[in-house]
Amino acid sequence: MNDIAFEDAPRIVTVLVAAMGGEGGGVLADWLIAAATAQGFPVQSTSVPGVAQRTGATNYYIEIYPVEAARLGGARPVFSLTPSPGDVDIVAASELMEAGRVLQGGFVHPRRTTLVASTHREFAVAEKSAMGDGRYDGRRVSEAARELARHSFLFDMRALAWRHGTVINTVMFGAMAGSGALPFSREACEQAIRASGKAVEASLKGFAAGFEQVAHPAPEAAAGTDAATPRAPVDPRIAAMPEPLHELLGHGLQQVLDYQDTRYGALYLQRVDAVLALERPFGGELPVTRETARHLALWMSYEDVIRVADLKTRGERLQRVREEVGARQGEPLRLTEYLKPGLDEVCSLLPPRASAWLRRRLAHKAHRLNVGLHMRTDTVLGFAMLCGLRSLRVLRRAGARYAIEQAMIERWLDTVRAALALSPRLAYEIALCGNLVKGYGETSERGHRNLGAVLDDMQAQFAAPPGDAAALVQAAERVRARARSRAGRSRGPHPGARAGPAAARAARPPHPHRAAKARALRARIPSPKRTTTGDKTMRNSKTSTSLGRRAVNALLAGALLLPLAAQVHAAGPIKIGAVVSATGPASFLGDPQQKTLEMYVRKINAAGGVLGRKLELVLYDDASDANKANAFTRRLIMQDEVDAILGASTTGSTMAMVPQAEAAKMPLISLAAASVIVEPVKPYVFKMPHSDRMAAEKVLGEMKKRGFTQFALLSDTGGFGKSGRTETLKLAESLGLKVVEDQTYGEKDTDVTPQLTRIKSSGAQAVFVFGTGQAPAIIARNHQQLAMKQPLYTSHGQASTEFIRIAGKSSEGIRMPSPALLIAQALPDADPQKKVSVSYAKDYESTAKMDVSTFGGYAHDALYLLIDAIQRAGGTDKQKLRDAIEATKDFVGVSGIYRMSATDHMGLDVSAFRMVEIKDGKFVEVR
């Protein structure tokens with residue numbers, strides 16, 4: 001008989017395991033099922049293979065009802081086959097980016113989910129094939145995990161498994177048990193392992209290690225321990241150089257000495273010193289010398305067959321292999337090296353003339369000479385052969401490869417030194433290009449070609465008369481044309497980051513996306529969709545990873561602007577940068593914003609411009625991707641040298657732009673809504689849209705007027721939704737309204753029925769949807785399909801006719817806060833916003849041939865507020881322009897009347913909103 005009362009029934013425990021191929025994810029799922037079954041708990045599992053583009057990653061989903069089946073009286077719980085976002089109790093990930101993938105899918109909820117993940121990395125193809133260092137910064141995933149999960153346990157499970165001679169799934173299982181989130185004891189888990197009968201002892205060791213790591217973590221080392229460790233003495237030659245370079249130069253010298261000999265190390269320091277002598281007069285942190293030293297050390301220790309043989313025969317490498325395969329002390333190990341030497345590897349060892357002769361003779365059959373070799377290095381003969389190759393190090397200087405690499409290194413260094421005579425910034429760019437050459441064979445040849453293209457173009461610019469602007473412009477056009485043709489000839493995957501001792505990379509700044517100021521120049525910036533309006537030049541191109549367009553354009557920006565800076569800046573156009581989401585999920589925001597900006601820049605230029613100067617709009621489409629917005633911000637600041645930036649369309653993209661704008665002291669006016677953009681106040685960051693707090697205040701105030709006392713909140717997991725949720729929960733408590741259901745959904749979800757089903761039976765009197773994108777329209781349809789009686793409210797993120805078009809008839813009756821623009825014609829003539837709103841609506845609809853959008857209205861207000869500030873500042877000096885924006889008072893826009901201040905960088909209050917309802921497919925003000 002069923003002795004479980006409905007109100008006392010426990011929740012189903014949901015478990016999601018994200019594991020890569022060969023890591024025992026299926027075995028882990030079997031252990032969980034066995035442990036649950038042994039307790040008499042009903043359990044169900046499913047697996048979804050091939051969910052990642054790396055090593056055949058698989059999701060294993062298990063649902064456990066933590067009540068003995070005998071107590072259910074024949075009843076059975078209803079299980080789901082797939083996990084729902086925000087509805088998972090335990091998430092286990094076998095690798096850091098697998099954890100990131102689960103986080104991105106919205107499966108981790110801050111009030112429910114326990115996250116157990118390994119922090120080690122298996123690099124994706126995109127990371128390995130990047131032209132420079134393409135590694136993703138795992139710290140961002142770790143930080144997100146700690147913020148988004150209720151409890152998070154992150155540590156290197158693979159290393160722990162190796163130390164105990166087992167597989168990572170055993171450590172994951174122990175960590176899950178140690179977290180206390182599983183509905184059964186440690187003993188039940190261990191019994192499940194024993195019952196499997198496979199590698200029981202090793203598995204139990206790994207389980208125990210994982211359990212202890214989570215349940216009883218070892219205390220962290222006391223601060224300052226590293227500082228107390230005595231450092232190796234500094235080489236006298238390095239000691240004579242500035243102290244900030246000592247650590248990096250020490251690592252670089254160690255790398256070069258390990259590669260060749262002391263004479264080679266002296267050459268390394270001599271080359272670095274030549275660059276340092278030219279940069280010293282500029283002072284500062286010596287970024288050119290630092291990057292030159294870093295990349296020079298790696299380049300001078302280039303990979304060849306001698307280096308490969310050297311690394312493969314080192315004792316520490318052999319010991320690492322034994323540890324990885326779990327070989328016991330004294331146990332024989334059979335080790336086979338898989339090698340594929342070709343013509344290039346053989347010729348690289350010969351003297352230059354002999355190498356050239358052999359290449360000519362055998363070039364036609366080079367592909368046949370790439371023969372795979374399986375060399376047993378656990379045998380005397382095999383190991384001796386590798387040692388023989390290693391011993392050729394003393395002859396390396398006589399080889400053809402050595403001559404080629406040294407000649408290219410000298411050419412690169414000559415260009416760095418020549419650029420320093422013009423600008424440290426330009427020299428810094430060229431120094432960073434040293435990372436383009438890596439590997440051997442075709443990889444090395446491709447890198448040499450790409451770097452050679454950059455150096456050719458730079459030397460052409462150096463040869464041009466510095467005062468001849470026309471010649472520089474023509475040269476730039478020729479270089480861009482050549483770069484495009486090179487891009488077409490050098491497609492295909494590029495080599496990944498070069499492997500080397502960790503010490504050689506220890507002082508490296510964190511990889512992509514996070515450095516500001518000068519370090520941002522190093523980023524891998526994709527070729528975007530770019531539109532330049534004002535000079536009648538428009539260019540649209542697909543994203544490309546070819547060096548020709550990416551690196552050459554960045555370098556030429558510095559080369560061209562140096563001789564022209566003084567005369568062009570004073571009389572040239574006012575350059576306004578913009579980043580919008582013209583494509584992607586947020587295109588309904590960015591598309592009208594792009595159209596608006598382009599339309600009014602043309603209109604203003606036709607009327608004579610601003611302060612006698614034309615406007616030039618440099619606009620990039622981030623495709624609704626925050627990473628691209630981050631990269632385009634660097635480009636706008638460092639390459640395009642704009643005077644101010646408008647954008648981005650979304651909160652996530654804006655927050656990716658903010659650190660760089662602040663670091664560069666670049667005025668940034670956001671077109672996104674979340675309060676976090678301007679709270680706390682950031683000196684150079686402003687925003688136009690009404691805040692999420694204002695939207696929540698307007699909607700909750702409307703609910704109170706209608707007599708509602710409790711409601712359900714449904715917010716997306718993006719930046720706007722998370723911020724809106726936080727503000728709504730705060731306001732609800734202060735207004736005495738009860739949130740009876742707090743659900744979330746993913747921005748790209750195509751069905752929200754499960755969340756709405758819960759809300760329908762929750763007792764909520766209304767539903768408030770806080771999000772952007774197309775998902776709220778899907779929610780409206782699901783709301784209608786479920787015949788829900790609770791009225792539906794949305795945030796101002798849906799205040800556009802595009803929402804009505806997507807949602808269709810299901811949008812009828814939905815209420816939302818909106819600017820006056822959507823009801824412009826119905827405004828009284830005395831309303832100060834009527835004239836500007838009607839004018840914008842007329843201009844937009846006649847030019848764009850579509851209904852006006854409040855999102856385009858934010859772009860209209862941002863552009864004209866910026867122009868107003870430029871006029872009051874008397875120019876585009878960034879400090880004066882920032883001050884003028886902050887001093888804006890009573891600026892009438894289509895979105896409201898803006899009154900900025902030192903404590904308010906939005907300048908609107910809740911009175912800027914009108915509550916509207918959708919009736920007969922149109923917005924009508926609620927009176």
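So, is M688 buried or exposed? M688 is buried, at a relative accessible area of 0%; buried means under 20%, exposed over 50%, and partly exposed in between, with a 1.4 Å probe and protein chains only.

Before I go on, a word on the source: this is a predicted model, where local features need pLDDT of at least 70 and side-chain atom pairs count only at pLDDT 80 or more, while totals for chains, interfaces and linings use all residues. Residues are numbered from 1 along each chain as its sequence is written, and side-chain values use heavy atoms, with hydrogens and water left out.

Back to M688. You'll find M688 in the loop between strand 15 (685–687) and helix 27; helices (H or I, at least four residues) and strands (E, at least two) are DSSP runs, numbered from the N terminus. Setting aside neighbours within four places in sequence, M688 has contacts (heavy atoms within 4.5 Å) with residues including I669, S670, Y858 and L908. M688 and S895 are 207 residues apart along the chain, yet their C-alpha atoms are separated by 7.9 Å.

Now, T709. That one is in the loop between helix 27 (692–705) and strand 16 (710–716), and T709 counts as partly exposed, at 47% relative accessibility. Beyond four places in sequence, T709 touches G736, L737, K738 and Q765.

And how confident is the predictor? pLDDT is its confidence in each residue, from 0 to 100, and the chain averages 81. Strand 14 (residues 668–670) is highest, at a mean of 97, and strand 10 (residues 538–540) lowest, at 34. Over residues 467–570 the pLDDT is below 50, though the model has 215 contacts for this stretch beyond near neighbours in sequence.

Methods: pLDDT = per-residue confidence, 0-100.
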